[in-house]
Amino acid sequence: NIELSIGNTDESLNYFNRSLKLERTRKNLIGVAINLNNIGHVYQEKGELQKALHYYQLSLNINQNLGSERGIAICNSDIADAYMKMGQYKPALHTVLQAIKLTKQINDNNNLAYSYVKAGQLYARLKNFPKATRYLNSAIKLSLKINSKSSLYEAYGTLFNIYKQSGNYKKAVEYLQLEQQYHDSLLNIDI
């Protein structure tokens with residue numbers, strides 16, 4: 001994951017494939033599912049969205065067979081993200097709403113905040129600004145509670161765009177300032 005976070009996708013892919021092989025040898029299906037999902041992330045980072053979807057789906061199938069609600073929710077969020085990047089907003093929205101339902105049931109607040117942001121972004125792209133705002137406000141409320149700066153950054157940025165498109169420039173500037181504040185705080189996180 002470190003290699004991926006610094007943009008070294010080829011090394012990441014090599015690492016995850018070696019790890020996948022090892023987990024298959026051990027017959028560790030949870031490890032297989034995690035590595036398949038991570039390979040999907042690498043392909044998404046490379047812009048190969050169909051391949052990313054393929055690996056996310058393989059991971060989802062294993063998680064469904066294992067009954068791993070958390071794994072299913074994570075895969076659904078990732079599948080929704082890939083669909084969104086492909087411009088397929090309706091299937092993305094359907095999938096992220098499934099992730100929201102499941103993350104609520106299992107009290108996975110980090111993934112719930114992320115999924116709220118994605119739902120808000122999707123509704124914004126579909127020009128349903130009231131629903132977008134509702135999901136983004138839910139994301140903000142939860143993200144403040146759990147201190148998820150990245151979700152706050154994305155939620156505020158999306159609200160900035162919504163208010164800008166709606167012509168409410170006063171509100172847009174408010175959210176732009178909040179987005180910038182969280183952008184700056186993300187850059188200053190100690191590693």
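Predicted model: local features only at pLDDT ≥ 70, side-chain atom pairs only at ≥ 80, totals over all residues.
1. A salt bridge, as the word is used in this note, is a side-chain nitrogen of Lys or Arg lying within 4 Å of a carboxyl oxygen of Asp or Glu. By that criterion the structure holds 6 salt bridges. Side chains of opposite charge can pair when their charged atoms come close.

2. Residues are numbered from 1 along each chain as its sequence is written, and side-chain values use heavy atoms, with hydrogens and water left out. Helices (H or I, at least four residues) and strands (E, at least two) are DSSP runs, numbered from the N terminus. A residue is called buried under 20% relative accessible area, exposed over 50%, and partly exposed in between (1.4 Å probe, protein chains only).

3. Asp10 and Lys46 form a salt bridge whose closest N and O atoms are 3.1 Å apart. This pair links distant parts of the chain, since Asp10 belongs to helix H2 (residues 9-26) and Lys46 to the loop between H3 and H4, 36 residues apart. Asp10 is exposed, with a relative accessible area of 52%, whereas Lys46, at 31% relative accessibility, counts as partly exposed.

4. Another salt bridge joins Asp108 to Arg70, with 3.4 Å between the closest N and O atoms. Asp108 lies in the loop between helix H6 (89-105) and H7, and Arg70 lies in helix H5, so the pair ties together parts that are 38 residues apart in sequence. Asp108 counts as buried at 9% relative accessibility, and Arg70 counts as partly exposed at 47%.

5. The side chains of Glu154 and Lys118 also meet in a salt bridge (3.4 Å, N to O). Here again distant parts of the chain are linked, with Glu154 in helix H9 and Lys118 in helix H7, 36 residues apart. Lys118 counts as buried because its relative accessibility is 7%, while Glu154, at 28%, counts as partly exposed. Both residues belong to a network of salt bridges that links Asp81, Lys85, Lys118 and Glu154.

6. The largest pocket has a volume of about 660 Å³. Grid points are joined across faces, edges and corners, and the volume is the space filled by probe spheres set on the points. The lining of the largest pocket is made by 27 residues, of which Asn37, His41, Ile74, Asp78 and Tyr114 lie nearest its centre. The elements giving two or more residues to this lining are H3, helix H4 (49-66), helix H5 (69-85), H7 and helix H9 (149-166), and the largest share, 8 residues, comes from H5.

7. Gly120 lies in helix H7 (residues 109-125) and is buried, with a relative accessible area of 0%. Leaving aside residues up to four places away in sequence, Gly120 touches Ala132, Tyr135, Leu136 and Thr158, where contact means heavy atoms within 4.5 Å. The C-alpha atoms of Gly120 and Pro130, which are 10 residues apart along the chain, are separated by 9.4 Å.

8. The largest share of the patch, 3 residues, comes from helix H3 (residues 29-45). Ile30, placed in helix H3, is exposed, with a relative accessible area of 52%.

9. Asn107, in the loop between H6 and H7, has a phi near 55°, a positive value in a residue other than glycine, and counts as exposed at 62% relative accessibility. Asn147, in the loop between helix H8 (129-146) and H9, has a positive phi of about 60° although it is not a glycine, and is exposed, with a relative accessible area of 53%.

Methods
1 Å grid on protein atoms, 1.4 Å probe; cavity = no way out; pocket = protein on both sides within 12 Å on 5 of 7 lines; lining within 4 Å.
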